[in-house]
Amino acid sequence: MILIQGKGVSTGVTKGKLYLFQRQDTTIHKAPAEDIGQEKARIAEAQQKSIEQLEALVEKAREEAGEESAMLFETHAMFTEDEDYVEAIMDMLEEEGCCAEYAVQTAGEQFADMFAQMDDEYMKARASDIRDVTQRILNNLLGVAEGGIDSDEPVVLAADDLAPSETLQLDKSKILGFVTQGGSGNSHTAILARTMGIPAICGVGDALKPEYNGRTAYIDGETGQVVLDPDELTLAGLQDKYQKQQEMRALLQEMKGQPDVTLDGKELMLYCNIGSPEDIAAVQANDGQGVGLFRSEFLYLAAEDYPTEEEQFQAYKAAAAAMDGKRVVIRTLDIGADKQVDYFGLNKEENPAMGLRAIRICLNRPEVFRTQLRALYRASAYGKIAIMFPMITSVWEVKECRRACTSVMAELTKEGIPFNADTEIGIMIETPASIFMAADLAKLVDFFSIGTNDLTQYTLACDRQCNDLGKFFDPHHPAVLRAIKHATDAAHEAGIWIGICGELAGDISLLPTFLAIGIDELSVSPSVVLPLRAELRKSIAKTCTLERLEG
Ligand code: PEP
Ligand code: MG
C-alpha cells in the first residue's frame with residue numbers, strides 16, 4: 001500500500017485512475033514548410049477533426065445546456081468551414097512557405113483582428129469566436145488533448161498546481177477529484193473542486209511521483225489521504241465511507257425547497273459562489289437562493305484579450321436571467337496577486353498580494369472599468385443584479401466607484417439603453433482598513449460581503465497561497481471573528497445587509513457563531529448549500545453564543 005498524506009480541501013471519497021496533468025508547449029515558431037502539399041493536408045485534417053468535435057459539442061450542449069449553448073458551437077463549426085477564413089490560412093501558407101501551425105495562427109489572428117475592428121458590436125464580439133476556432137485547429141495540429149485530459153474515462157487529476165486559467169480549460173466531466181503537489185485551501189483548484197462537489201487534496205509535495213500516472217488511487221478529501229493499492233482494512237474503511245457519503249447525499253436531497261430558517265425563526269440567505277454563467281447549473285441543482293459572489297475575473301482569465309462589453313454583457317445577462325429574479329451579486333474585476341492576466345501588462349511585483357490588484361487596477365484604468373460597468377448595468381435589465389467592488393480600503397475609493405456608476409448610467413440613459421437604476425451597490429470587506437472604516441463605508445453602500453480569504457491573510461499577515469504556514473493561518477482566529485462582528489455591527493447600524501462570501505462561510509462548525517454575530521447571508525460553494533441548510537434548520541439562533549470570539 002502507498003499512502004500519500006496531503007491536506008484535504010474539498011470533502012468526499014472517490015476512486016479513479018491518476019492522470020498527471022501535462023503542460024504542453026504551444027508556442028509556435030515560424031518554420032519553413034518541407035512540403036506545402038503535406039502542410040495543406042495537415043490543415044485539412046485538423047479542420048475536419050475540429051468540425052467533428054464541434055458537432056459532438058453541439059449535441060452535448062443541446063442535451064445538457066440548452067439551445068443557446070448549442071448555437072455557439074454551431075457558429076464555431078460554421079467559422080471552421082468558412083471559405084474566406086480557410087482561404088486566408090491557405091494563402092498565408094503559400095505566400096510564406098511556412099509550417100501549418102504558423103499559417104493557422106497568423107492568418108487566424110489577422111482574421112479575428114478584422115472582426116475586432118468592425119463598428120457593429122455583434123460582429124466585434126465574433127473576434128473571440130474566431131480565436132477559439134483557431135485555437136481548436138491549432139490544438140488538433142499539435143495533438144493537444146481537448147479539455148487538457150486525454151482519457152476516455154473520468155480520472156483523478158494530479159498536477160503540481162493549476163493556474164486559474166488552466167482550470168477553466170479543463171473538461172470537468174472527466175474529473176473525479178484533484179490532487180496537487182502545491183496549492184492551499186484557498187487556491188482556485190480547491191474552490192473549483194468545492195463548486196463541483198468533488199474531493200480535492202493539496203500539498204502532497206514530492207510524494208506524488210510521475211510513475212504513479214495511470215494507477216488507480218483512492219482519495220479522501222476529508223483526511224487528505226491518497227491511497228494506492230490499499231490493504232484490506234484500509235479498503236474496507238474507504239468503501240464504507242463512500243457508501244455513507246452516497247447515503248448522505250440522497251438524504252440531503254430532502255432539503256431542497258426547504259426554507260433557510262432556524263428553529264426559532266431566524267432567516268439566513270444561503271447563496272452560492274460562481275466563476276461563470278455555466279456554474280448556475282450547480283446553483284440550481286443545489287437549490288441556492290441566489291448568487292452571493294460571481295467572480296467576474298474568470299471572464300478575463302479565460303480570454304486572450306480584454307473581453308468586450310458585448311461579451312461581458314452576454315455572460316452577466318445569462319447568469320441574471322437564469323436565476324430568474326433571484327439576486328446575483330457580480331464582483332467587478334479582481335485580478336492581480338494569484339490571478340495574473342498577461343494582456344493587462346502589469347509590472348512584476350515583489351509583493352503582489354499587496355500590489356496593484358482588484359479595484360486599484362479599475363480605478364487606475366477607467367476605460368477597463370467603464371466597459372465592465374456598462375456591461376453590468378445593461379445586464380441589470382434582465383434580472384436582479386447587484387454590483388460589488390473588491391479590496392476596498394478607503395471611503396474615496398467607494399465614492400469614485402459610485403461616480404463611475406453614475407456616469408455609466410447617464411451614458412446608457414442618453415443612448416436609450418434599458419438598465420435598473422436601483423441596482424444595489426456593495427463592497428467586499430476583506431482588508432483590515434475596511435473593518436476599521438466599516439461605519440463610514442456602510443453609509444455609502446447597500447450591502448457588505450466579507451471576503452474571509454483575504455481578510456484572514458491581511459489580518460494575520462499570513463500569505464493565503466503559502467502551504468507551510470499550517471496552524472499560523474487560522475481563519476478561526478478570534479481576530480478574524482471579531483473583525484466580522486465589528487463589520488456586522490456597523491452594517492446593521494447603517495441599516496444594510498451583510499454576508500460572507502469567503503471560504504469560511506461554508507465552514508459548518510462556525511454556523512452558530514455567524515448566527516450569534518447576526519450575519520444575514522452566507523455565500524458558499526454550491527455543494528455546501530444543502531448540508532448548511534440541514535444544519536441551519538436544526539439550529540436555535542437565540543442559544544448561539546459569541547464564545548469563539550474570546551481569546
Ligand atoms: C475572499 O477574499 O474571501 C474572496 C471571496 O475573494 P477571492 O477569494 O476571490 O479573493
Ligand atoms: Mg478576496
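Ground rules, for my own use. This is a predicted model, where local features need pLDDT of at least 70, side-chain atom pairs count only at pLDDT 80 or more, and totals for chains, interfaces and linings use all residues. Residues are numbered from 1 along each chain as its sequence is written, chains are lettered from A and ligands numbered from 1 in the order in which they are written, and side-chain values use heavy atoms, with hydrogens and water left out.

**Entry 1: contacts of the ligand.** I looked up Lys339 too: an N or O atom of its side chain is 3.2 Å from an oxygen atom of ligand 1. With Asp454 a polar backbone atom is involved, 3.0 Å from an oxygen atom of ligand 1. Then I checked the cover: the protein hides 100% of the 290 Å² of accessible area that ligand 1 has on its own (Shrake-Rupley method, 1.4 Å probe).

**Entry 2: the shell.** I found 14 residues around ligand 1, the closest being Arg295, Arg331, Gly451, Asn453 and Arg464 (near means a heavy atom within 4 Å). Helix α17 gives the largest share, three residues (helices are DSSP runs of H or I, at least four residues; strands are runs of E, at least two). By type I noted three nonpolar, four polar and seven charged residues in the shell.

**Entry 3: the cavities.** I counted two cavities of 30 Å³ or more (on a 1 Å grid over the protein atoms alone, sets of points where a 1.4 Å probe fits but cannot get out; lining residues have an atom within 4 Å of a point). Ligand 1 sits in the largest cavity (more than half of its atoms lie within 2 Å of the grid points). That cavity holds about 80 Å³ of space. Its lining counts three nonpolar, three polar and eight charged residues.

**Entry 4: the second largest cavity.** This one has about 40 Å³ of space. Ile43, Gln47, Thr80, Tyr85, Val86, Ile89 and Ile137 line it. I put α3 (83-96) down next to α1 (36-64), as each supplies at least two lining residues. The lining has five nonpolar, two polar and no charged residues.

Conventions. Polar contact = N/O pair within 3.5 Å; in protein donor to acceptor, adjacent residues only side chain to side chain. 1 Å grid on protein atoms, 1.4 Å probe; cavity = no way out; pocket = protein on both sides within 12 Å on 5 of 7 lines; lining within 4 Å. Nonpolar A, V, L, I, M, F, W, Y, C, P; charged D, E, K, R; others polar. Points joined across faces, edges and corners; volume = space filled by probe spheres on them.
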